[in-house]
Amino acid sequence: MTFAGADDVGEKDAGLLWGFDLSDRDADGPLPKEDPVVTENDGSFGARRIADPRAVVAEWRAKAKAHGWTLRETVIALGPQRGHVGTPSGPADKFAHFVRHGALDGFNVTPYLIPDGPDGPDDIVDLLVPAPQERGVYRTEYTGTTLRENLGLREPLTHRSARDRRQAGRAPEWPFRSGLSTHD
């Protein structure tokens, strides 16, 4: 199982950095040789603002060359959505480490990292989820019968009637018997 399976991983995110459409490029090929087109940042690359796309592209090229990365691998390693490429044991080991140190209580699956085909989401459920369960850091079943119980929340406060509160001795009778009239 390899999580980076979508055909457009690389082209879309790299295209945002380069400033032009890279959909005609091979995601499993080299990074584009063209320099990026510097435009006004419209926030489309996520919350991260790229002040100097040329400097970022130079860094990506250097790291891709040093590691022998393809466009896809570079985007996964250095892009705005970092991910894991490999077997389920890799992220399971990371999850276990962070859970044991109180830094993680769940995980999100980035859609473009799910393998192509009808079994992609099933692979996450069948292969990835059991790995942290086997390490004892992800639950295998829920103990409660309601979401409230599973989240560890207390029972809701009830709104008992005024008559019930009076009978319990916690509410004054109406109208108040203070000797004052409501017409005074």
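This is a predicted model: local features need pLDDT of at least 70, side-chain atom pairs count only at pLDDT 80 or more; totals for chains, interfaces and linings use all residues.

Reader: Which geometry do the rings of Trp18 and Trp60 have, stacked, tilted or edge-to-face?

Author: The ring centres of Trp18 and Trp60 are 6.2 Å apart, and the planes meet at 65 degrees. Planes over 60 degrees apart count as edge-to-face. The pair of Trp18 and Trp60 is therefore edge-to-face.

Reader: How many residues apart are Trp18 and Trp60?

Author: Trp18 belongs to helix H1, residues 11-18, and Trp60 to helix H2, residues 53-67. The pair thus joins distant parts of the chain, with a separation of 42 residues.

Reader: Is Trp18 buried or exposed, and what about Trp60?

Author: Buried means under 20% relative accessible area. Trp18 has 0% and so counts as buried. Trp60, with a relative accessible area of 1%, is likewise buried.

Reader: How many helices and strands does the protein chain have?

Author: Read from the N terminus, the elements run α-α-α-α-α-α-α-α. The count for the protein chain is 8 helices and 0 strands.

Reader: What share of the contacts with a separation of 6 or more comes from residues 24 or more positions apart?

Author: Contact here means heavy atoms within 4.5 Å. Among contacts in the protein chain with a separation of 6 or more, the share from residues 24 or more positions apart is 59%.

Reader: What percentage of the residues in the protein chain is buried?

Author: The protein chain has 184 residues. The buried residues make up 29%.

Methods:
Residues are numbered from 1 along each chain as its sequence is written. Side-chain values use heavy atoms; hydrogens and water are left out. Rings of Phe, Tyr and Trp (its six-membered ring) pair if their centres lie within 6.5 Å; planes under 30 degrees apart count as stacked, over 60 as edge-to-face and the rest as tilted. Helices (H or I, at least four residues) and strands (E, at least two) are DSSP runs, numbered from the N terminus. Buried means under 20% relative accessible area, exposed over 50%, partly exposed in between (1.4 Å probe, protein chains only).
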